Amino acid sequence: MQGVTVVDHPLVQHKLSIMRKKETSTASFRRLLREISLLLGYEVTRNLELTTEKINTPMEEMDAPTLEGKKLVFASVLRAGNGLLEGLLDLVPAARVAHVGLYRDHDTLEAVEYFFKAPSDLGDRLVIVVDPMLATANSAIAAIDKLKERGATNIRFLCLLAAPEGVERFTKAHPDVPVFTASIDRGLNEKGYIMPGLGDAGDRMYGTK
Ligand code: PRP
Ligand code: URA
């Protein structure tokens, strides 16, 4: 699929399989999500632009590669996005953070917004939107609609699992936003859950039901 990168690294796939198991505890699920976020973060930031800076090593002066431009923004789609966010901030500690509070209405599957806070200069920064699940894509589309409304133009979307239906809807709605995921599963069930999936990511992360 165009614009979609499936991160098939063996460590990602192994950890994801453990997360999918219904007997995996809340503590293990959270730990694995954090570990996977480091590996996914490596892929989603792979082609960041570099510039050079003159530095002095103990031996001599050199032009050393450094990241170009303003600090990037991680935009976490609450709640479950925070599971990816924590690891990503270990990887890029100077990143800025946006929070987009959305929940899926259980009957309509529409995304309902309840919170939004982001740096004011989104237009000057790369914005990496993070949410473990891309199911119908209603939440991801709504989050990115909002970030674009607030000026973001350079956006990537990072998730753990995607449904083919969600990927298709998402890439139609936001063809300019590349998607990174660890898996594209079989499809959605009648309640909008990803199959075989891993269940409700937020509930599994926080032990709610
Ligand atoms: C989950 C998930 C996504 C959304 C995906 O969140 O974290 O945000 O569902 O589904 P969609 O693609 O069909 O919109 P949920 O609404 O359950 O909220 P939570 O993270 O607070 O549990
Ligand atoms: N949200 C989840 O947390 N899991 C799904 O399977 C679909 C949406």
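Biologist: Hi! What should I know about the numbering and the model?
Modeller: Residues are numbered from 1 along each chain as its sequence is written, while chains are lettered from A and ligands numbered from 1 in the order in which they are written. This is a predicted model, where local features need pLDDT of at least 70, side-chain atom pairs count only at pLDDT 80 or more, and totals for chains, interfaces and linings use all residues; side-chain values use heavy atoms, leaving out hydrogens and water.

Biologist: Great. What surrounds ligand 2?
Modeller: Residues with a heavy atom within 4 Å of the molecule count as near. Around ligand 2 these include Arg104, Met133, Tyr193 and Asp200.

Biologist: And which atom of ligand 2 does the backbone of Gly199 lie 2.8 Å from?
Modeller: A nitrogen atom of ligand 2 lies 2.8 Å from a backbone N or O atom of Gly199. For Ile194, a backbone N or O atom is 2.8 Å from an oxygen atom of the ligand.

Biologist: Switching topic: at what angle do α1 and α2 pack?
Modeller: About 160 degrees, with the axes of α1 (residues 10-20) and α2 (residues 26-44) 10 Å apart. That makes α1 roughly antiparallel to α2 (the term covers angles over 145 degrees).

Biologist: Who makes that contact?
Modeller: Contact means heavy atoms within 4.5 Å. Among the residues involved are Leu11 and Lys15 of α1, and Phe29 and Glu35 of α2.

Biologist: How do α4 and α5 cross?
Modeller: At roughly 20 degrees, and their axes come within 9 Å. That makes α4 roughly parallel to α5, a term for angles under 35 degrees.

Terms used:
Axes are lines fitted to C-alpha atoms, for helices over the stretch in contact, and angles run from 0 to 180 degrees between N-to-C directions. Helices (H or I, at least four residues) and strands (E, at least two) are DSSP runs, numbered from the N terminus. Angles under 35 degrees count as roughly parallel, over 145 as roughly antiparallel, 65 to 115 as roughly perpendicular and the rest as oblique. A polar contact is a pair of N or O atoms within 3.5 Å; within protein, one must be able to donate a hydrogen and the other to accept it, and residues adjacent in sequence count only if both atoms are side-chain atoms.
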